[in-house]
Amino acid sequence: MLQLGLAMVTPILIYFWLNRLVFNNSVVLHSSIIYLIGFEALLAIIIFLVMGIVAQQLRNIKILFVSLAYASIGAMLLCHGFSPMLGTGDSAQHFIFAQLALLLSSFWLWLSSLSADHRLVRWLGKHRKALMPVWCVLLVLIGLLILLVADDSFKQFLYSRNGARLTTFFILLFNTWTVYRHLITYMASRFSIQLAIVYGTGWMNTAQVILFTLAPEALNWWMFHGLLFLAMLVMMIVLVLEYRHTESLTASVKRLYRADPDRWIQTYMTPSVSELVKQTETKDAYTAGHNYRVTVYALKLGEEMGLSSTQLKSIALGGLVHDVGKLYIPDYVLNKPDKLTQDERKLIERHPVDGYNLCKQVGFMVEELAIIRSHHEKWDGTGYPDRLEGEAIPLVARVTAVADVYDALTSSRSYRKAMTHEKAMSIIKEESGSHFDPRCVEAWVRIVEEEKEFFEQMLSSHKNMRSIIS
Ligand SMILES: [Fe+2]
């Protein structure tokens with residue numbers, strides 16, 4: 001926190017200090033600033049492309065929003081820096097492009113900080129594939145409009161003092177909200193991309209404050225671009241580090257279309273998801289490997305039931321983190337060997353909602369969130385947390401519920417030993433129509449009969465308490 005505050009405020013202090021030091025306009029707006037602008041724009045465009053590809057691969061709408069924020073900065077900075085060279089540049093244009101770079105990007109970054117179940121985010125999520133091309137076309141149109149329409153009242157307004165006040169107000173409002181929300185999520189998840197957004201957005205705010213003060217023009221343009229450059233650089237560094245960690249993003253795309261559960265899981269095992277799984281497993285030793293096996297079982301069952309590839313992807317991701325809410329349960333409750341009191345049971349039953357709240361901040365899609373929230377619902381409406389009944393329980397959650405219970409029964413827990421496969425199967429069949437969706441149980445019984453070898457393998461492997469992370 002202190003570091004973050006210092007990082008945001010120090011540039012302003014330096015700015016005022018320099019401002020006094022150099023007195024009025026002794027700093028000249030040297031033409032070499034064009035290289036800095038060009039380099040910033042280039043970094044922004046690289047970040048836009050990389051994040052855009054990653055967003056499509058991981059089906060993560062929030063990463064897509066961040067990518068569009070950088071597309072906006074890149075495009076507007078190009079217009080900002082190169083409009084004087086095209087012979088059309090006047091200072092109003094120059095100023096407006098700089099403002100639009102920040103204003104448009106702050107809007108997308110703000111969107112990236114909203115919950116995945118926010119109405120606007122859900123609506124945009126439905127049009128996820130069209131979002132990138134449509135926004136690119138719009139950016140070109142905005143650029144052309146301002147470049148070609150030389151003198152209209154809207155431009156004059158944006159360039160006026162009141163216009164600058166209004167844009168500064170919105171930029172600061174959007175960005176402050178973004179910094180706040182991403183910081184909270186970072187505290188819980190420790191994803192480095194989130195921290196990069198916090199720093200990047202914070203520096204954009206500082207840049208806007210400096211630009212707004214209107215003091216010696218040359219100095220504030222240098223500071224403005226220096227800070228934007230820092231904002232691009234921090235995101236670039238994080239992306240390079242993430243890339244080195246995952247080794248190859250493109251290789252994982254290829255795996256998406258193979259119906260091998262293990263491969264599906266590896267594809268989705270991004271550093272962030274694996275960090276979440278690792279944290280849950282370290283907390284609850286008895287469930288080491290549980291997330292992995294539940295996901296494998298659920299994928300098998302989902303495939304048998306003819307679920308779409310989108311639903312299977314949701315199972316791969318949602319299944320891996322379905323119990324992440326257990327991070328919030330005190331250890332003595334989670335690992336208690338004796339019977340739980342009523343209050344302790346209530347604590348345990350909060351984990352679907354806690355996990356849901358955490359993951360919706362991280363940018364999971366609606367169906368993945370449904371698994372996290374609804375995997376303890378029961379077909380007859382007696383489950384938790386929402387007491388959903390029958391088909392009101394999302395199908396992906398009904399599928400995961402069978403996988404979850406089968407694995408729980410066949411694993412050793414702090415309060416009992418593992419059951420045999422036969423005993424577990426008879427419980428699942430008995431609970432068809434009460435706990436489980438009968439269609440899911442029928443399909444589960446079919447797989448068990450058809451794939452004996454697979455089940456033997458799975459059961460023997462988890463005697464060694466294998467964790468995916470290890
Ligand atoms: Fe659970």
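Predicted model: local features only at pLDDT ≥ 70, side-chain atom pairs only at ≥ 80, totals over all residues.
Biologist: How many helices and strands does the chain have?

Modeller: The chain has 23 helices and zero strands, where helices (H or I, at least four residues) and strands (E, at least two) are DSSP runs numbered from the N terminus.

Biologist: And how much of the chain is buried?

Modeller: Of its 470 residues, 43% count as buried; a residue is buried if 20 or more other C-beta atoms, placed from the backbone, lie within 10 Å of its own, exposed if 12 or fewer, and partly exposed in between.

Biologist: Why is H19 described as largely enclosed?

Modeller: Helix H19 (residues 366-374) has seven of its nine residues buried, so the rest of the structure largely encloses it. Among those buried residues are Glu 368, Arg 373 and Ser 374.

Biologist: How does H19 sit against H20?

Modeller: The axes of H19 and helix H20 (residues 395-409) come within 8 Å and cross at roughly 45 degrees, with axes being lines fitted to C-alpha atoms, for helices over the stretch in contact, and angles running from 0 to 180 degrees between N-to-C directions. The two helices are therefore oblique to each other, given that angles under 35 degrees count as roughly parallel, over 145 as roughly antiparallel, 65 to 115 as roughly perpendicular and the rest as oblique.

Biologist: Which residues meet there?

Modeller: Glu 367, Ala 370, Ile 371 and Ser 374 of H19 meet Val 396, Ala 397 and Thr 400 of H20, where contact requires C-beta atoms, placed from the backbone, to lie within 7 Å.

Biologist: Switching topic, at what angle do H21 and H22 pack?

Modeller: Helix H21 (residues 421-430) and helix H22 (residues 438-450) pack at about 155 degrees, with their axes 10 Å apart, and they are therefore roughly antiparallel to each other. Met 425, Ile 428 and Lys 429 of H21 make the contact with Val 441, Trp 444, Val 445 and Val 448 of H22.

Biologist: Last one, is Ser 274 buried or partly exposed?

Modeller: Ser 274, which is found in helix H13 (residues 271-283), counts as partly exposed because it has 17 C-beta neighbours inside 10 Å. The C-alpha atoms of Ser 274 and Val 321 are separated by 8.8 Å, although these residues are 47 residues apart along the chain.

Conventions:
Residues numbered from 1 in each chain as written. Contact = placed C-beta atoms within 7 Å.
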